[in-house]
Amino acid sequence: MYAIVDIETTGGHASAGKITEVAIFLHDGMQITGRYETLVNPGIPIPRYIQALTGITDEMVESAPLFEDIAEHIFNLLQGQIFIAHNVNFDYSFLRHELGHCGYKLQAKKLCTVRLSRKVFPGFPSYSLGNLCRQLNIGIVNRHRASGDASATVRLFELLLAADKLGAIAQALNARSKDKWLPLHLSQDYVDDLPGTPGVYYFHNEKGKVVYVGKARNIRKRVTSHFTGNSAGRQRQEFLRNIHSITFEKTGTELMAFILESIEIRRLWPQYNNAQKRVESKFGFYTFEDQQGYLRLAIEKRRKYTTPVFAFNLLAEGHSLLRQLIREFKLCPKLCFLQTSPDPCTGMADKTCKGACEKKEKPDKYNKRVLEAIGHLQSQQPSFLILDAGRQATEQSCILMEKGKFYGMGYVPRDVAVSDTAMLKDWLTQYPENEFILNLLRTYANNNAGRLVQVPA
């Protein structure tokens with residue numbers, strides 16, 4: 001009825017590691033009815049730290065059978081049995097992966113003695129096999145060897161069978177139970193608490209640090225999708241092992257979830273988020289006052305924690321726009337860094353420059369035109385609200401774009417008028433913008449023009 005298994009391997013994930021030892025104890029719920037154990041030649045060198053941990057050396061496995069030589073026998077032992085191991089997904093993924101390479105498709109119900117121990121013996125400081133055995137007075141001979149650990153797991157499972165008064169084992173074997181598919185260190189309670197609404201979710205490691213941020217239209221459905229499938233890859237297996245808890249934040253809409261996810265990835269820089277981490281190669285107009293009191297308008301690459309007076313994606317776009325401002329507002333090409341040579345200012349020849357570069361025009365007069373140019377740029381940018389569903393019936397969500405910039409978002413009671421932008425900001429949280437958010441909102445605005453609420457620029 002039960003196959004209690006332990007394996008030793010060359011590494012921590014099945015797609016690159018190999019099995020070096022297998023132990024299988026068949027059990028009928030009362031006693032051991034059969035056993036099989038063998039060293040396995042992995043066909044690759046065993047890392048030195050693994051040799052030190054297990055005591056299994058390259059010399060020991062040199063004459064051992066290859067896995068393909070014993071695959072049929074192992075498959076026959078496991079198929080049709082309930083597969084039990086301490087951290088069952090580790091052992092199962094290795095054996096399923098190796099058997100698959102040999103043409104055998106292992107499909108078995110699984111029980112994890114780590115998860116069962118947490119339910120049947122709650123309150124222990126640790127549920128590693130060594131610590132559990134100390135707490136429950138189970139002796140282990142040959143620790144970190146397949147036979148020794150499997151034998152201890154047999155005794156642990158027998159204690160679980162005897163102490164399981166609330167039916168934890170039957171519940172875990174229920175076909176509808178998702179508990180066995182969850183990451184080893186994640187309690188089902190975290191999943192049960194997840195809402196089926198839009199929002200952002202956070203995976204935390206053992207120390208509580210956020211290691212992944214995701215967004216969803218349905219938080220519960222999206223989170224559980226992370227745990228389905230049987231990928232044996234290193235990255236996925238490491239990712240699952242590092243999930244210890246989940247928190248979440250509801251948002252009124254999926255659009256808000258997209259925005260908040262982007263903000264949080266850049267704020268927290270989680271280990272397993274790869275998208276949206278790249279440095280944005282975006283440019284902007286920046287102003288500063290030189291030592292002579294003249295306002296300088298310059299094109300610079302956007303840097304973190306800087307706010308340009310106007311932003312754009314392409315350098316050529318910025319140069320074209322700057323030349324247009326120089327013509328329309330009679331600005332000096334030299335003071336705008338479009339002319340860097342010591343030659344006479346080209347703006348003097350075509351009468352766009354009124355002599356500021358040669359101090360023939362006073363700073364206050366020139367600076368006034370620079371400010372007018374900036375104001376003109378900003379006045380051309382749209383200002384609008386996106387109003388949509390809130391987290392509950394009494395509120396509505398609100399996203400504010402102000403003069404082409406993302407101001408922030410939040411939730412406004414449905415009985416509050418949204419015509420006064422200054423008052424509206426009291427209800428909103430101001431967030432930093434980035435290229436992803438701006439493109440997201442521009443695309444939404446282009447596709448949903450009828451749903452926008454225009455506000456004064």
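Which residues are buried in H13? Select helix H13, residues 315-329, to find out.

This is a predicted model, in which local features need pLDDT of at least 70, side-chain atom pairs count only at pLDDT 80 or more, and totals for chains, interfaces and linings use all residues. Residues are numbered from 1 along each chain as its sequence is written, and side-chain values use heavy atoms, with hydrogens and water left out.

**Stop 1: helix H13**

Helices (H or I, at least four residues) and strands (E, at least two) are DSSP runs, numbered from the N terminus. H13 has 15 residues and reaches 21 Å from its first C-alpha to its last, close to the 21 Å expected at 1.5 Å a residue; the expected span is 1.5 Å times one less than the number of residues.

Now pick out Gly318, Leu321, Leu322, Leu325, Ile326 and Phe329, which are the buried residues of H13. Buried means under 20% relative accessible area, exposed over 50%, and partly exposed in between (1.4 Å probe, protein chains only). Looking down the axis of H13, the buried residues fall within an arc of 145 degrees, so they line one face of the helix. The arc is that of the directions from the helix axis to the C-beta atoms.

Turn to the face of H13 that points away from the buried side: Ala316 and Arg327 are exposed there. Then display what covers the buried residues, including strand S9 (283-289), strand S10 (295-301), strand S11 (310-312) and helix H15 (363-379). Contact here means heavy atoms within 4.5 Å.

**Stop 2: salt bridges**

The whole structure holds 14 salt bridges, each a side-chain nitrogen of Lys or Arg within 4 Å of a carboxyl oxygen of Asp or Glu. Three of them follow.

- Select Arg145 and Glu21, whose side chains meet at 2.9 Å, N to O. The pair links distant parts of the chain, 124 residues apart: Arg145 is in the loop between helix H6 (129-135) and helix H7 (146-163), and Glu21 is in strand S2 (residues 19-27). Glu21 is buried, at 6% relative accessible area.
- Select Glu254 and Arg217, which form a salt bridge at 3.1 Å, N to O. Glu254 lies in helix H12 (residues 254-268) and Arg217 in the loop between strand S7 (210-216) and helix H10 (219-225), 37 residues apart. Glu254 is partly exposed at 27%, whereas Arg217 is exposed at 60%.
- Select Glu358 and Lys360, paired at 3.2 Å, N to O. Glu358 is partly exposed at 42%, and Lys360 is exposed at 61%.
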